[in-house]
Amino acid sequence: MYEQPTFFENNSDQPLAARLRPRTLSEFVGQKHLLGEGKVLRRLIEGDKIGSMIFWGPPGVGKTTLARIIANRTKASFIDFSAVTSGIKEIKQVMEQAEKGRRFGEKTILFVDEIHRFNKAQQDAFLPYVEKGSIILIGATTENPSFEVNGALLSRCKVFVLQALKTEELEELLTRALSDERGFGKQQVDIPPDLIRAIAEFANGDARSALSTLEMAVLNGDIDEKGKITVTTETVENITQKKSLLYDKTGEEHYNLISALHKSMRNSDPDAAVYWLARMLEAGEDPLYIARRVTRFASEDIGLADPRALEIAVAAYQACHFIGMPECSVHLTEAVVYMSLAPKSNAMYMAYEHAKKDALTMLAEPVPLVIRNAPTKLMKELDYGKGYKYAHHEKDKLSVMQCLPDSLAGREYYRPTEEGIEARYKARLEEIKEWKKEHGGK
């Protein structure tokens, strides 16, 4: 059940973020796209038409707070459930309690924090109770629910995407914390606007982080004889030395960032590429993973337009392997800048994709006899290798020998571009094709 504070609780002992938790929609900061006047979630809350839903967004954007506000608005019983500490046994106990409440016309909101941490069996345990209406399920997750929540459960929930708070919204929240009696309103705190903004920027869209940083700054501020607290630039700098970057090496953000790096290099934007590289490395990404992706890029997006790109990428991988972080960050920087500036060609990628399609749809295609080895007498009698032309013995080091199966004769997979050095390979390929045509080839 949702528990109201008791007379004996000392709220001043709670962290600032807990003391300032919004109690109503009017106090809630951010998520204007959902909670602004006339917006869908606000209409549902104000009209008491709440159904099962999932809040998906980064940490500190108000997922738990919204669930509590909804519980208060709808006068429902509120059960706070943690996916980290609860198993199927606990789920069933809570569900039975909610089912009893339903029979007496009582609404129960079950809030499940980090719902993505529940396994399939645990998530399935909610299904019949959601379907019967025994509970209104509100799940919160930092992971993409498309991947982390069972399809059957997800289909019965409305997904609302919560966004990281803007710097201006965090500034509003911090300013309120300084004047609100639940915050530092009863104290005299002097902190310049530029430091409030610095704290807001440091929080990276996370309200909880912003309030925790402000609290630390005030607690470490200079106090004069009258009790006035002054927060200095030095104090804030000491507290905000290293930003905690949102990053899950196995989650969606992992793929978002590597995609950003790849596409920045493809778009020949070295500044963006180095930024995304730094975002990953400073969040703890394995440099060898990045080096492997850069190596793939060297052939997928550059190829023969600049064959040296692959050498640079492999060298960067070796450097990362030899010396590791943080020293190898400069080698990866060299590699991603080189990839960004190199001429681009996806001819290698397209050649393989076209060949793969034919290889998968024509698996029975036999190797032409002319290019088969004939190590035994029987094979020679069956014409294995008959008519084979050894290119090194030919005058022009070329022959019109057909190497593709008959059904694919004349098929072109590699189509070179005019980019960078690949223009030379294109000219050479055209020479080869012209020679074969002149000598009776296809």
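Student: Where is Tyr388 found?

Tutor: Helices (H or I, at least four residues) and strands (E, at least two) are DSSP runs, numbered from the N terminus. In this predicted model, Tyr388 is found in the loop between α20 (377-381) and α21 (422-438). Residues are numbered from 1 along each chain as its sequence is written. Local features need pLDDT of at least 70, side-chain atom pairs count only at pLDDT 80 or more, totals for chains, interfaces and linings use all residues, and side-chain values use heavy atoms, with hydrogens and water left out.

Student: Why does Tyr388 count as partly exposed?

Tutor: Buried means under 20% relative accessible area, exposed over 50%, and partly exposed in between (1.4 Å probe, protein chains only). Tyr388 has 46% relative accessibility, so it counts as partly exposed.

Student: Is Asn144 buried or exposed?

Tutor: Asn144 is buried, because its relative accessible area is 10%. Its place is in the loop between β4 (136-141) and α8 (145-148). A polar atom of the Asn144 side chain lies 2.9 Å from the backbone nitrogen of Ser146.

Student: Which residues have the most contacts inside the largest nonpolar core?

Tutor: A nonpolar core is a set of buried Ala, Val, Leu, Ile, Met, Phe, Trp, Tyr and Cys residues joined through side-chain atoms within 4.5 Å. The largest has 50 residues, and those with the most contacts inside it are Leu41, Phe55, Leu66, Ile191 and Leu214. Helix α12 (residues 207-219) gives the largest share of this core, 6 residues. Apart from this core lies another, of 27 residues, among them Tyr289 and Met339.

Key: A polar contact is a pair of N or O atoms within 3.5 Å; within protein, one must be able to donate a hydrogen and the other to accept it, and residues adjacent in sequence count only if both atoms are side-chain atoms.
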